[in-house]
Protein chains: 2
Amino acid sequence: MSSHPEETVPRPSLTERRKAETEREIARHAAELFSEHGAAGVTAEDIARAAGVSLRTFYRYFRTKEEAVAPLLTGGVRQWLADLAAAPAELSVTQALEHAVRAALTPDGPYADIRTEALESTRGLLRAVPGEPALHSVWLRVHAETEEALVPVLTGLAREGTDPLELRLAAAAANAAMRIAMEAWAATEAEPDDPERGPAALAVRCLRELTAGVRTPRAQPLPGAGGL
Amino acid sequence: MSSHPEETVPRPSLTERRKAETEREIARHAAELFSEHGAAGVTAEDIARAAGVSLRTFYRYFRTKEEAVAPLLTGGVRQWLADLAAAPAELSVTQALEHAVRAALTPDGPYADIRTEALESTRGLLRAVPGEPALHSVWLRVHAETEEALVPVLTGLAREGTDPLELRLAAAAANAAMRIAMEAWAATEAEPDDPERGPAALAVRCLRELTAGVRTPRAQPLPGAGGL
DNA sequence: CGCCTGCCTGGCACGTTGTGCCAGGCAGGC
DNA sequence: GCCTGCCTGGCACAACGTGCCAGGCAGGCG
């Protein structure tokens, strides 16, 4: 479902790929070490050594050691926003959000195992959060950034002239729904693809309740102008 | 309005007062220095020296230098929760929230000037947040803690057996309303007590939209059992 | 082919952050 | 008066995070 991922990948560029690979490598080892020893029991140098880079390089990729897990938490945000921006015009803003949220949190399609793994590692991190304030801050910051990024996307979906405060509220509602759904799911043992108690089902339910009162009218479909 | 604050102050205890005084003193100087030089341009030692304590003592009060401003941001949270918990039984949960939010963000009553000053200093901090990620994290963490604290209060207001997820959503909605209202107000020049564009008016509007779909039935008034 | 430019990387030094530990001072209770 | 807590300051130290410079590896140009 959703558009082909290749659309948003114009130039991996070899060196770019190597950098992204390094970042993922660091993030993976950081998450593993954090889950095992707790964030306080791991030094930045430990992570750097495990990932096979120097301490100096580590700090070129991440500002703090806790930030190192952010890429794992960010996971599907890019795709989520892209799906949302490409929502068919006959869906209302609320419906488009629900659709995109469900797609983002349902691990199916060609990358099903990767996405399942991402959900599982997020769950692992969330379970390590209590007692690790710095880790909690990263989780909150990731969501704050997502909320920020949601605003322009929603602006594009909504009818021109919609009150900016409405758009911020819609972004906050969607974001809070995702966050609480993930936190609630992390506290259970449900499978990532459980259609009843999985993250997608929870998120849709949260989203409906939080956006019930938000008024963001959908843009009128442009007469004759095709998509993109 | 609301109950007498003395109800929740059983024992200042002299030493306690001195500690609270020190904490406020540090927080005040930290906020002033941050607003002037930016958080990155101030060391923990600067704050400690300005507040007249040793560096060691500073770190006994706050875990990081950015945390030093948290008490100013927390401001009326304690009173807000107390007001909410004491809401009259004839109000629905949503109405009680709205009532408490309005009371918390409307600077009137005997402490009007102190509360106005708190709102103004929060606005000053919020304006310094862009470009200071660590400061932003504190703002987010304060709200996360408030949201956490809201859950048991709402549990007390709601009918027994209400789905915990509903309570979390209500807490998140109230919290997001407060946060976005403050952020939106901080971006304006409106007076703290402006009945149209002040924080209270914005927060009530945000709250109504975000809680429109949340279903948390109010507890039945206990027949015959008096207050407290 | 050799060179030059740009970028990523590692190593080093350094100021800052944050904590453990111990000693000194100031309150309240036997 | 003494003893017990508790808060405070000073010191030492590991860890954090950054500026700076040198080395290696790609691609563009004569």
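**View 1. Chains A and B meet through the same surface, since 100% of the interface residues of chain A are also interface residues in chain B.** Contact here means that the C-beta atoms of two residues, placed from the backbone, lie within 7 Å. This is a predicted model, where local features need pLDDT of at least 70 and side-chain atom pairs count only at pLDDT 80 or more, while totals for chains, interfaces and linings use all residues. As for labels, residues are numbered from 1 along each chain as its sequence is written, and chains are lettered from A and ligands numbered from 1 in the order in which they are written. The contact takes 20 residues from chain A and 20 residues from chain B. On the chain A side, α8 (133-157), α9 (164-186) and α10 (199-211) each supply at least two residues, and α9(A) brings the largest share, eight residues. Helices are DSSP runs (H or I, at least four residues), numbered from the N terminus. The chain A side splits into 13 nonpolar, three polar and four charged residues. For these classes, Ala, Val, Leu, Ile, Met, Phe, Trp, Tyr, Cys and Pro count as nonpolar, Asp, Glu, Lys and Arg as charged, and the others, Gly among them, as polar.

View 2. Turn chain A by 180°, shift it 0.0 Å along the axis, and it lands on chain B with an RMSD of 0.1 Å. That is the relation of a two-fold axis. The superposition is by least squares on the C-alpha atoms of residues with pLDDT of at least 70 in both copies.

**View 3. The surroundings of DNA strand D.** Elements giving two or more residues are α2 (44-51) and α3 (55-61) of chain A, plus α1 (15-37) and α3 (55-61) of chain B. By class, the surface near DNA strand D has four nonpolar, six polar and seven charged residues.

**View 4. α1(B) against α2(B).** These helices pack at about 125°, with their axes 9 Å apart. That makes α1(B) oblique to α2(B). Axes are lines fitted to C-alpha atoms, for helices over the stretch in contact, and angles run from 0 to 180 degrees between N-to-C directions. Angles under 35 degrees count as roughly parallel, over 145 as roughly antiparallel, 65 to 115 as roughly perpendicular and the rest as oblique. Glu25(B), Ile26(B), His29(B), Ala30(B) and Leu33(B) of α1(B) meet Asp46(B), Ile47(B), Ala50(B) and Ala51(B) of α2(B).

**View 5. α7(A) against α9(A).** Helix α7 (residues 112-128) of chain A packs on α9(A) at about 80°, with axes 9 Å apart. The pair is therefore roughly perpendicular. Thr122(A), Arg123(A), Leu126(A) and Arg127(A) of α7(A) touch Met182(A), Glu183(A) and Ala186(A) of α9(A).

**View 6. α5(B) alongside α8(B).** The axes of α5 (residues 77-85) and α8 (residues 133-157) of chain B come within 9 Å and cross at roughly 15°. That makes α5(B) roughly parallel to α8(B). Val77(B), Leu81(B), Leu84(B) and Ala85(B) of α5(B) contact Thr146(B), Ala149(B), Val153(B) and Gly156(B) of α8(B). By class, that gives six nonpolar, two polar and no charged residues.
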